[in-house]
Amino acid sequence: MTTLMAAVTRVRVPASSANLGSGFDTLGLALNLYLECSFEPSDSLAITASGRDIDSIPRDETNLIWRTAVAVAKSQHRKMPAIRLGIRNEIPIGKGLGSSATALVAGVAIAARALHLDWDHHRILDEAARLEGHPDNVAAAVLGSAVTAAIDADGVTRAVRLEMPPTFRVAVVCPGFVLSTDRMRSVLPNCYSREDTVFNLQRATLLVAGLATGNHEAFPEAFNDRLHQPHRMANVPGMEQILKLRAPGLLGCALSGSGPSILVFYEENSESVLELVRGEFGRSGQSSEVVAHGIDEEGLQIT
């Protein structure tokens, strides 16, 4: 049987936002909200949880972090040893902030350390992306900052990290209701027209260029999208009005992942634009809160 290291190991994974408007299933952004885990050897599995939305975090074998670690061990023809796992969560669950991706990354990192697999961050990213099925959230969670990512024909994730312009700011406005990712995926069409596909390609490349160079002329047009946001608007009261918001200092808004949270890009010293977004949620009968101010620059941390 594999023996765990005696010391407590700590894993910290940031929340993430995917799509960023036009970058459907290709772009991700790490946020300064965290899932923190600590684990050590135990005679049997023991899980504790604290922080936000802990009622949605199972404390048994059905826990996604644990199930992921077990799956990784099985893929390596190994058995995951029992651990005492402590979870501290800051990430709203079911709000489009990559909570499942953070759990997957944490589970892969825990298995890699517990089984002495000697995996670096890129190997952890490959495994997490394989389990997730798409690389945008997990790439941001592992690498930090903004990322663009794809899985190649050999199953290897190719991800490039972008350094955000220092004058750009990011925040997340989170309404008080939950949406199922499966439900929000189900409203998407099975195919798209060439016109809509080209429309998004143009704006996604414009968005990457704007984020990489800090060129304000790319915004807000770079956030416009025809592939996912128009199909999801009916499930997010206020979203249509929010995406149309224009104001000094506001670069643009986008649905975070499959929603319902809204990602807001703005210029420094323009925090007041966040109240415009909250105001639109309010006019639609929804309460909201700002849950994240800024991006995470470090990505996955294992100590």
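Me: How many Å should helix H2 span, and how far apart are its end C-alpha atoms?
Reply: Bear in mind that this is a predicted model. Helix H2 covers residues 99-114, so at 1.5 Å a residue its 16 residues should span 22 Å. The end C-alpha atoms are 22 Å apart, which agrees.

Me: And how many of the H2 residues are buried?
Reply: 13 of the 16, so H2 is mostly covered, buried here being under 20% relative accessible area.

Me: What follows H2?
Reply: His116 does, and its phi is positive, near 55 degrees.

Me: Switching to cysteines. How many disulfides does the count come to?
Reply: The count comes to 0.

Me: Is Cys253 buried or exposed?
Reply: Cys253 is buried, with a relative accessible area of 6%. Cys37 is buried too, at 3%.

Me: OK, Asn89 next. Where is it?
Reply: Asn89 sits in strand S4, which runs over residues 83-89. Its relative accessible area is 5%, so Asn89 counts as buried.

Me: What does the Asn89 side chain reach?
Reply: It reaches the backbone oxygen of Ile91, at 2.9 Å.

Me: Which residues is Asn89 in contact with, leaving aside neighbours within four places in sequence?
Reply: With those left aside, Asn89 is in contact with Tyr34, Leu35, Ser50, Gly51, Arg52 and Ile57.

Definitions and conventions
Residues are numbered from 1 along each chain as its sequence is written. This is a predicted model: local features need pLDDT of at least 70, side-chain atom pairs count only at pLDDT 80 or more; totals for chains, interfaces and linings use all residues. Side-chain values use heavy atoms; hydrogens and water are left out. Helices (H or I, at least four residues) and strands (E, at least two) are DSSP runs, numbered from the N terminus. Buried means under 20% relative accessible area, exposed over 50%, partly exposed in between (1.4 Å probe, protein chains only). A polar contact is a pair of N or O atoms within 3.5 Å; within protein, one must be able to donate a hydrogen and the other to accept it, and residues adjacent in sequence count only if both atoms are side-chain atoms. Contact means heavy atoms within 4.5 Å. A disulfide is a pair of cysteine sulfur atoms within 2.5 Å. The expected span of a helix is 1.5 Å times one less than its number of residues.
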